[in-house]
Amino acid sequence: MLSSLNFLRQPDLLGMSVRVLLALVCGGLIGIERSEKRRPAGFRTHILICLGAAMTTATSQYMYIVMHYPISMSRMGAQVIAGVSFIGAGAIIMTKWRRVRGLTTAAGLWVVAIVGLCCGAGFYEGAAYATALVLVAEVFFSKLEFRLLRGVREINVYTEYTWPSCLEEIVTRCHMLGVKIVDLEITRKGGEGGGSCAVLVLQSRRGASRGDILRELGQVEGVMTVVET
């Protein structure tokens, strides 16, 4: 750690102000990226979590160092990590097409709480370093992932069909189109109509477009619905 910042690590007004402001900046920087992608947990949510975690650690230090209470300084911080898990779970949803969304946001909330703990403890270098790495992962690595996978066309298809043999025909037509079935999930439909539904994750390397795939699968006899999710 930088010894020149030791005077800012003291549990006084200056040190506490710096910790709170750094938590606000770090949480805001991470939250802006989520807000730009229209995620429910965005700018303000990340700020509040980071700020709350910082104040928790700073309060623990103040109670132990200044007030001389016989408490463990790490206990309150541990409760923050456990508590933020409930908020992260609320950011994870499963769509009606059986797709899970919000995992990256939930992980970001968990990390931003830890960044807040770093700020509250006066570990400014760790907080800044972690914030920079999170931004690199969320901004630049997502673009890198897109470039690495742009040659592979991936499509998620939800389909409803009347009898099991329809699924065999769907698989056959995927092979005819040169489409690889990466994942397949089958469930029974409720209600009087019966039937089944399936969610397929398909990859195409031979140039079959989304329109071609949807049109071909929609022509299978017995298939009632084919939509991209």
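Tutor: Contact here means heavy atoms within 4.5 Å. Keep that in mind as we look at this predicted model.

Student: Happy to. Which residues in helix 1 and helix 4 meet?

Tutor: From helix 1 come R19, L22, A23, C26, G27, I30 and R34, and they meet T104, T105, V112, V115, C119, G120 and A121 of helix 4. By type, the residues of this contact divide into eight nonpolar, four polar and two charged.

Student: And how do I read the direction of helix 1 against helix 4? Are they roughly parallel or antiparallel?

Tutor: Start with the crossing angle, since angles over 145 degrees count as roughly antiparallel. The axes of helix 1 (residues 13-36) and helix 4 (residues 103-121) cross at roughly 165° and come within 8 Å. The two helices are therefore roughly antiparallel to each other.

Student: What is the handedness of the crossing?

Tutor: Helix 1 passes helix 4 in a right-handed crossing.

Student: Now to R9. Where is R9 found, and is R9 buried or exposed?

Tutor: Look in the segment before helix 1. To judge burial, use the cut-off: buried means under 20% relative accessible area. R9 has 14% relative accessibility, so R9 counts as buried.

Student: Which polar partners does the side chain of R9 have?

Tutor: One is E125, whose side chain is joined to that of R9 by a polar contact of 2.7 Å. Another is G122: its backbone oxygen lies 2.5 Å from a polar atom of the R9 side chain.

Student: What else does R9 touch?

Tutor: Leaving out residues up to four places away in sequence, R9 touches residues including M1, L2, R19, F123 and Y124.

Note on methods
Residues numbered from 1 in each chain as written. Predicted model: local features only at pLDDT ≥ 70, side-chain atom pairs only at ≥ 80, totals over all residues. Heavy atoms only, no water. Axes fitted to C-alpha atoms, helices over the stretch in contact; angles between N-to-C directions. Helix = DSSP H or I, 4+ residues; strand = E, 2+ residues; numbered from the N terminus. Parallel < 35°, antiparallel > 145°, perpendicular 65-115°, else oblique. Left-handed = near helix turned anticlockwise from the far one by under 90°. Nonpolar A, V, L, I, M, F, W, Y, C, P; charged D, E, K, R; others polar. Buried < 20%, exposed > 50% of the residue type's maximum accessible area, 1.4 Å probe, protein only. Polar contact = N/O pair within 3.5 Å; in protein donor to acceptor, adjacent residues only side chain to side chain.
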